[in-house]
Amino acid sequence: MHRKGSDPENMQPEDFLCDFCHNHWSEARPMIEGHQGSLICRQCINAAFTAVVLAEAGIDSAFANTTCNVCLEQRGGTDPYWQSPLIDTACICQRCLMQAVETLEEDPEYNFVRPGGKPA
Ligand SMILES: [Zn+2]
Ligand SMILES: [Zn+2]
């Protein structure tokens, strides 16, 4: 998300906030962009991947009407979600999460390794 009151003509790193933790963009906190300016930072991607993929603890049917913040689709029943422990309205579906992980992995600048390492 963009910080309230930010100037669209003159956006600063502090104006780009992760939808899932509300920390702002920085070199240590790169972000992946979703629909309508939604953002998820590397730290939240790590936490989400650990919970949804490694621990298989994604949220499913109880939140079937929850909209993914990143693709803006209701994917309950299709994909498990990760719900931010900090902002309980912020959810990402597994499909968007995997896209974010792959985007980070593909760019050598991020030097990103998914938790648990990439399967061979
Ligand atoms: Zn975050
Ligand atoms: Zn999604």
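Q: Does Cys-68 count as buried or exposed?
A: Cys-68 counts as buried, because its relative accessibility is 0%. The cut-offs are these: buried is under 20% relative accessible area, exposed is over 50%, and partly exposed lies in between, with a 1.4 Å probe and protein chains only. Cys-71 is also buried, at 9%.

Q: What kind of model is this, and how is it labelled?
A: This is a predicted model: local features need pLDDT of at least 70, side-chain atom pairs count only at pLDDT 80 or more, and totals for chains, interfaces and linings use all residues. Residues are numbered from 1 along each chain as its sequence is written, chains are lettered from A and ligands numbered from 1 in the order written, and side-chain values use heavy atoms, leaving out hydrogens and water.

Q: Which protein atoms are the donors of the zinc ion (ligand 2)?
A: Start with the rule. Donors are N, O and S atoms within 2.8 Å of the metal, or 3.2 Å for Na, K and Ca; water is not among the atoms, so sites may look incomplete. Here the donors are the SG atoms of Cys-68, Cys-71, Cys-93 and Cys-96, lying 2.2 to 2.3 Å from the zinc ion (ligand 2). Along the chain their spacing is C-x2-C-x21-C-x2-C.

Q: How is the geometry of the zinc ion (ligand 2) classed?
A: Ideal angles for four tetrahedral donors are 109.5 degrees. At the zinc ion (ligand 2) the four donor atoms give angles of 103 to 117 degrees, and the site is tetrahedral.

Q: What coordinates the zinc ion (ligand 1)?
A: Four SG atoms do, from Cys-18, Cys-21, Cys-41 and Cys-44, at 2.3 Å. Their spacing reads C-x2-C-x19-C-x2-C. The angles run from 107 to 113 degrees, and this site is tetrahedral. Cys-21 is buried, with a relative accessible area of 14%. Cys-41 and Cys-44 are both buried.

Q: How many disulfides does the whole structure hold?
A: A disulfide is a pair of cysteine sulfur atoms within 2.5 Å. The search finds zero.

Q: How many salt bridges are there?
A: Side chains of opposite charge can pair when their charged atoms come close. The rule asks for a side-chain nitrogen of Lys or Arg within 4 Å of a carboxyl oxygen of Asp or Glu. By this rule there are six.

Q: Which residue does Arg-95 pair with?
A: Arg-95 pairs with Glu-73, with closest N and O atoms 3.2 Å apart. Arg-95 sits in helix α2 (residues 94-106) and Glu-73 in the loop between α1 and β3, so the pair ties together parts 22 residues apart in sequence. Helices (H or I, at least four residues) and strands (E, at least two) are DSSP runs, numbered from the N terminus. Arg-95 is partly exposed at 30%, and Glu-73 is partly exposed at 35%.

Q: Where does Arg-75 lie, and what does Arg-75 touch?
A: Arg-75 lies in the loop between α1 (42-54) and β3 (81-83). Contact means heavy atoms within 4.5 Å. Leaving out residues up to four places away in sequence, Arg-75 touches Thr-66, Tyr-81, Cys-93 and Arg-95. Arg-75 is buried, at 13%.

Q: What salt bridges does Glu-105 make?
A: Glu-105 meets Arg-114 at 2.6 Å, N to O, and Lys-118 at 3.7 Å. Glu-105 lies in helix α2 and Lys-118 in the segment after α2, so this pair ties together parts 13 residues apart in sequence. Arg-114 is buried at 8%, whereas Lys-118 is exposed at 57%.

Terms used: Four donors count as tetrahedral if all angles lie between 85 and 135 degrees; four count as square planar and six as octahedral if opposite donors are over 155 degrees apart and all others between 65 and 115; anything else is irregular.
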